[in-house]
Amino acid sequence: MSNKFRQIADWLTLAAVFLLPWQTRYIIEAGQLKQGPYEYLSISLYGLDLLILAALLFATLSVMLDKKISNKFDLRAYWLIALGLLFFTCWSIFVAGDRLITLFILARLAVGASLAWLIISSRLSLNKFLAVLLLAIGLQGALA
């Protein structure tokens with residue numbers, strides 16, 4: 001069963017990489033600065049975030065159900081960097097002027113780190129990820 005969850009997580013990760021240039025969002029709170037729109041203060045829910053979270057759920061279930069964990073890479077350095085970045089970002093919550101925006105940015109950072117972990121721990125080859133990303137970029141460029 002854990003192999004099925006891992007396979008679903010891999011394909012959802014591949015779909016997330018394909019949809020990376022095609023992001024759609026739902027604006028929860030539009031940012032305002034001096035009676036005008038300001039993008040950096042906007043809070044939005046991206047469809048890609050939901051796809052990454054679903055892939056993360058399946059990957060986590062796969063790891064929990066798998067008795068032996070074997071990774072291609074030594075992830076200690078990745079986790080040290082991710083935890084250090086998380087620590088400094090969490091520290092910035094205490095000094096931020098708008099804590100809600102800071103929490104939103106922290107959540108976006110966590111989703112990005114999750115996507116990086118999903119790609120690193122995936123059983124799919126790097127060439128497949130690059131081919132899918134180049135296909136998505138090529139399609140978007142052709143439409144532009």
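I began with Lys34, which counts as exposed because its relative accessibility is 76%; exposed means over 50% relative accessible area, buried under 20% and partly exposed in between, with a 1.4 Å probe and protein chains only. I then looked up the backbone there: phi of Lys34 is near 55°, a positive value in a residue other than glycine. Lys34 has its place in the loop between strand E2 (32-33) and strand E3 (36-37).

A note on what I am reading: this is a predicted model, where local features need pLDDT of at least 70, side-chain atom pairs count only at pLDDT 80 or more, and totals for chains, interfaces and linings use all residues. Residues are numbered from 1 along each chain as its sequence is written, and side-chain values use heavy atoms, with hydrogens and water left out.

Next I checked Gln35, which also sits in the loop between E2 and E3. Its phi is positive, about 60°, although Gln35 is not a glycine. Gln35 is exposed, because its relative accessible area is 79%.

**Overall layout**

I counted elements next: the chain has five helices and four strands. Helices (H or I, at least four residues) and strands (E, at least two) are DSSP runs, numbered from the N terminus. Along the sequence I read the pattern α-β-β-β-β-α-α-α-α. The C-alpha atoms fill a box of roughly 55 × 40 × 25 Å, taken along the principal axes. Of the 144 residues in the chain, 30% are buried. I also looked at contacts, meaning heavy atoms within 4.5 Å. Among those between residues at least 6 apart in sequence, 71% join residues at least 24 apart.

**Helix H1**

I found that the 18 residues of H1 reach 25 Å from first C-alpha to last, close to the 26 Å expected at 1.5 Å a residue. The expected span is 1.5 Å times one less than the number of residues. Which residues of H1 are buried? I listed Ser2, Phe5, Arg6, Ala9, Asp10, Leu12, Thr13, Leu14, Ala16 and Val17. These buried residues pack against H2, H4 and H5.

**H1 against H5**

I took this pair next, since two packed helices are described by the angle between their axes and the distance between the axes. The axes of H1 (residues 2-19) and H5 (residues 126-143) come within 8 Å and cross at roughly 35°. Here axes are lines fitted to C-alpha atoms, for helices over the stretch in contact, and angles run from 0 to 180 degrees between N-to-C directions. The crossing of H1 and H5 is right-handed, a term for the near helix being turned clockwise from the far one by less than a right angle, while anticlockwise is left-handed. From H1, the contact is made by Thr13, Leu14, Val17 and Phe18; from H5, by Lys128, Phe129, Val132, Leu133, Leu135, Ala136 and Leu139. By class I noted nine nonpolar, one polar and one charged residues.

**Cores**

I then looked up the largest nonpolar core, which has 12 residues, including Ala9, Leu12, Leu48, Ile52, Val111 and Trp117. Such a core is a set of buried Ala, Val, Leu, Ile, Met, Phe, Trp, Tyr and Cys residues joined through side-chain atoms within 4.5 Å. H1, H2 (47-65) and H4 (99-121) each supply at least two residues of this core, with the largest share, five residues, coming from H2. Leaving aside neighbours within four places in sequence, Ala9 is in contact with Ala55, Phe58 and Ala59.

A second, separate core of five residues includes Leu14, Val17, Leu124 and Phe129. I placed Leu124 in the loop between H4 and H5; Leu124 counts as buried because its relative accessibility is 14%. Leu124 and Val17 are 107 residues apart along the chain, and their C-alpha atoms are separated by 12 Å.

**Helix H4**

My last check was the length of H4: its 23 residues should span 33 Å at 1.5 Å a residue, and the end C-alpha atoms are 32 Å apart, which agrees. Buried residues of H4 include Ile101, Phe104, Val111, Ser114 and Trp117.

How values were computed: Ala, Val, Leu, Ile, Met, Phe, Trp, Tyr, Cys and Pro count as nonpolar, Asp, Glu, Lys and Arg as charged, and the others, Gly among them, as polar.
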